[in-house]
Every structure is written in structure tokens, then in C-alpha cells.
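Here are my notes for you on this model. Have it open while you read, and take the points one at a time.

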Amino acid sequence: LLAADGSVTASIFAEMSALAMRTGSINLGQGFPDEDGPAEVLEAARQAIADGVNQYPPGRGDPILLDAISRHQLRFYGLTVDPATEILVTAGATEALAATILALLEPGDEVVTFEPFYDAYGGLIALGGGIHRTVPLHSPGFQPEESELRAAVSDRTRLILINNPHNPTGTVFSTETLALIVELAHRHNALIVTDEVYEHLTFGVPHIPITTLPGAAERTITISSAGKTFNTTGWKIGWLSAPAPIVTAILAVKQFLSYVNGAPFQPAIARGLDLPDSFYTGIATDLAAKRDVLAEGLRTAGFEITVPQGSYFIVADAQSLGYAEGAEFCRALPELAGVVGVPLSAFTSPDHRHRYASLVRFAYCKRVEVLEQAATQLAGLS
Ligand code: PMP
Ligand code: GLN
């Protein structure tokens with residue numbers, strides 16, 4: 001977590017956003033939208049502040065939000081979740097991940113994730129004293145090999161931590177893969193932690209929460225965030241749901257992390273979770289159109305790309321343009337095209353970095369005119 005000289009290293013996302021600012025480039029690096037979300041949600045936050053919802057909320061979360069999360073799980077996935085005991089509101093999905101890992105992991109326990117993996121996973125597993133085992137995702141389509149997944153999970157595995165839809169690759173895992181994870185978790189008595197922050201951002205494929213599979217719910221912690229669904233990444237409202245004793249264990253850690261968070265934003269997100277189905281289909285359709293604009297731009301610029309089925313991100317191969325190292329390409333890209341992306345090496349372990357060396361992640365959660373401008377600038381590369 002520290003650089004060789006003892007300084008704190010900036011996350012790749014902060015570093016790339018700073019690079020975009022410094023060079024005046026289009027920031028397709030850090031994944032955050034450049035437009036506000038639904039007006040009702042913004043207005044509900046203003047109203048909550050005006051109404052004096054400005055002090056510590058209850059430790060598990062504002063009951064208005066807990067109820068809305070419970071209704072959301074029933075409406076979209078047919079899940080019955082007790083708002084009083086089976087849900088915890090957190091400071092973003094990040095705190096949900098942190099509290100879960102710190103609560104459930106003993107030093108020396110193993111955590112299995114796919115690779116590439118969201119950067120926080122590596123840091124949090126290290127904070128928890130865990131050993132990180134990864135299962136590489138392979139081209140085409142960034143899919144796991146069954147044999148490699150089976151080999152990675154053992155009786156030493158405490159947590160299988162998945163991210164579906166997946167950042168950085170945009171993969172939506174098949175039901176067969178999810179079922180295999182449940183089978184392995186049962187066989188080795190592991191828990192499943194699933195980060196589903198992009199749950200409403202899939203394109204033409206349904207989102208299947210792993211907890212809905214037979215035998216999964218008893219051992220699954222499901223994590224989500226309002227940031228991606230309502231374009232409120234800066235509000236840091238996230239949540240998790242799990243069997244009541246597991247939620248209690250995670251709450252015991254959360255109380256010493258943030259204690260509580262975001263009082264006026266909690267009822268505002270509850271308002272968002274109650275928006276009609278048309279809102280949810282609308283955000284996915286809208287984002288799919290943006291994905292298509294960026295995909296076309298990248299292809300025209302000469303990149304080989306993997307078209308994502310979900311999330312904010314598209315992976316392009318800089319090798320097609322003669323760069324073996326995505327990191328080197330990303331450093332040069334502001335000058336070459338006035339665009340910023342993130343090298344996939346930021347999401348990898350030293351053991352598997354070579355597999356992803358030439359790949360770069362671009363975010364398409366931006367206004368269409370911004371993506372079109374990026375496409376025009378990238379076209380000059382080839
Ligand atoms: N998990 C994944 C896969 C993410 O992409 C992100 C952020 N973009 C997070 C967790 C963090 O979410 P939050 O901002 O709600 O902490
Ligand atoms: N999750 C966002 C991304 O992948 C960034 C969040 C962050 O900066 N930590 O780009």
C-alpha cells in the first residue's frame with residue numbers, strides 16, 4: 001500500500017483523473033458519470049436537508065432506505081430480505097467490502113477472486129491479512145476456465161469474492177459459472193461475497209444475483225451501491241444484504257469504520273429505489289447506446305476491443321496500435337489524442353500481469369458528445 005519511499009501511492013483512478021486535468025484530456029479513465037441522475041433523487045436530498053435529516057442515522061441505516069432496499073430486492077429478484085436484520089447501509093460499496101472482509105477473514109485465510117480484479121480487492125484483502133488467490137479471465141470474452149476455478153478454491157478458502165457485472169472487463173458471468181462458484185463454496189465451506197454495483201447496467205442480458213441460485217443465500221453477502229444506478233458516486237451510499245448473523249458480524253466492524261454515513265442521502269436513494277421499472281430500463285438502454293458510440297470509435301481508431309455486456313467499461317488492445325505495454329500507451333495517450341484511459345495492469349497481480357499487459361480500459365459513462373469527441377480524437381491515432 002506504500003510506495004518504496006514510504007509515501008502513500010495514489011490509486012490508479014486518482015492518478016489518471018489528475019493526468020486528465022493536467023493535460024486537459026477527455027477523462028475516460030476513472031468510472032464516474034458526467035451528468036446528474038434523476039431529478040427526484042436530487043430534490044429528495046435537498047428536501048431531507050431542509051427537513052433536518054442532518055444527524056447520525058441509525059447504525060444499520062435509515063429505516064426508510066432499508067425498507068426501500070428490501071422492496072427493490074423483491075421487485076427485481078423475487079428475494080425476501082428482512083429490512084431490520086438482513087441489510088446494512090454502508091459508505092459506498094467500498095465500505096461494504098472493507099467491513100465484510102475485515103469481519104469475516106482471519107489472518108492467513110485465502111480469498112479467491114477473478115483476475116483482473118477491481119483494485120480495492122487487493123488492498124482490502126491485504127488489510128485483512130488474507131492471502132489473495134486469483135483465477136485469470138481468458139480471451140475471448142474474459143471468461144474463467146472451469147479447471148482453474150476448481151483448482152483455486154480449497155479448504156483454505158474463506159471467501160470467494162466475485163464482481164458481476166465485472167469491472168474492468170464488462171463480463172456478465174454465465175449462470176453455469178455462478179452455479180460452479182456456489183458448488184465450490186459448499187464443498188469447501190466458503191462464503192461468497194458478490195459485488196454487484198453494476199446490477200442495473202447490463203445490455204441485452206439479465207443480471208442474475210448469485211444469491212438467487214439454489215443453496216447460495218445462506219452463504220452469500222450481496223453488495224451494491226447507489227453511485228452507479230443514480231449517478232451519485234460522490235454520495236457514497238452503498239449497502240449489503242446477507243443472513244442476519246453475518247450482517248451483525250459486519251455491523252460490528254462497520255461501527256468502527258464510518259459508524260454511519262450520509263443521513264440526508266439515505267432517504268433520497270430510497271426515493272430512487274422506488275422509481276418505476278421504466279427508469280431502470282432507461283438507464284441501461286442509454287448506457288448501451290454510449291457503449292456503442294465508444295466501441296465504434298475505438299474500432300475506427302484501429303483497436304481490437306471486447307464488447308462488454310455490462311458495467312461502465314470497455315477493454316481495448318493497444319497491441320493493435322503497436323504498443324505492447326498498456327501503461328506506456330496510457331502515459332502517451334493524452335499527448336497523442338487528448339484522451340485518458342486506465343491500463344489493465346492496475347487490476348492485476350504480478351503473477352498474471354503479463355496476460356493483460358497491452359490492454360487498456362476506457363469508461364463510456366459519459367455524455368454522447370464527449371464520447372464522440374473522444375472518438376474523433378482517437379481516430380487520429382491510426
Ligand atoms: N466495486 C466496483 C466493481 C466498482 O467499480 C466500484 C466503483 N466504481 C466500487 C466497488 C466502489 O463503489 P462505491 O463508490 O459505492 O464505494
Ligand atoms: N470504481 C471506479 C472505477 O473503476 C473508480 C472508483 C475510485 O476512484 N475508487 O473507475
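Where is proline 168 found? Proline 168 sits in the loop between strand E6 (157-163) and helix H7 (175-187).

Some ground rules: this is a predicted model, in which local features need pLDDT of at least 70, side-chain atom pairs count only at pLDDT 80 or more, and totals for chains, interfaces and linings use all residues. Residues are numbered from 1 along each chain as its sequence is written, while chains are lettered from A and ligands numbered from 1 in the order in which they are written.

1. Cis prolines. The peptide bond from asparagine 167 to proline 168 is cis, with omega near 15°. Another cis bond runs from glutamate 115 to proline 116, with omega near 5°. Proline 116 lies in the loop between strand E3 (110-115) and helix H5 (119-127). Helices here are DSSP runs of H or I with at least four residues, strands are runs of E with at least two, and both are numbered from the N terminus.

2. A positive phi. Asparagine 189 has phi near 50°, a positive value in a residue other than glycine. Look for asparagine 189 in the loop between H7 and strand E7 (191-195). Why flag these spots? Most residues other than glycine have a negative phi, and most peptide bonds are trans.

3. Ala, Val, Leu, Ile, Met, Phe, Trp, Tyr, Cys and Pro count as nonpolar, Asp, Glu, Lys and Arg as charged, and the others, Gly among them, as polar.

4. Ligand 2. Around ligand 2 you'll find Ser11, Phe13, Gln30, Gly31 and Asn167. That shell has 1 nonpolar, 4 polar and no charged residues.

5. H3 against H10. The axes of helix H3 (residues 63-77) and helix H10 (residues 265-273) come within 8 Å and cross at roughly 25°. Axes are lines fitted to C-alpha atoms, for helices over the stretch in contact, and angles run from 0 to 180 degrees between N-to-C directions. That makes H3 roughly parallel to H10 (under 35 degrees counts as roughly parallel, over 145 as roughly antiparallel, 65 to 115 as roughly perpendicular and the rest as oblique). Ile64, Leu65, Ala68, Ile69 and His72 in H3 meet Gln266, Pro267, Ile269, Ala270 and Leu273 in H10, where contact means C-beta atoms, placed from the backbone, within 7 Å. This contact has 8 nonpolar, 2 polar and no charged residues.

6. H2 against H10. Helix H2 (residues 39-50) and H10 have axes that come within 8 Å and cross at roughly 150°. That makes H2 roughly antiparallel to H10. On the H2 side the contact includes Glu40 and Val41, and on the H10 side Phe265 and Arg271 are among the residues involved. By class, the contact has 8 nonpolar, 1 polar and 2 charged residues.

7. H4 against H5. These helices pack at an angle of about 30°, with their axes 9 Å apart. H4 and H5 are therefore roughly parallel to each other.

Notes: A residue is near a molecule or strand if its C-beta atom, placed from the backbone, lies within 6 Å of it. Two residues are in contact if their C-beta atoms, placed from the backbone, lie within 7 Å.
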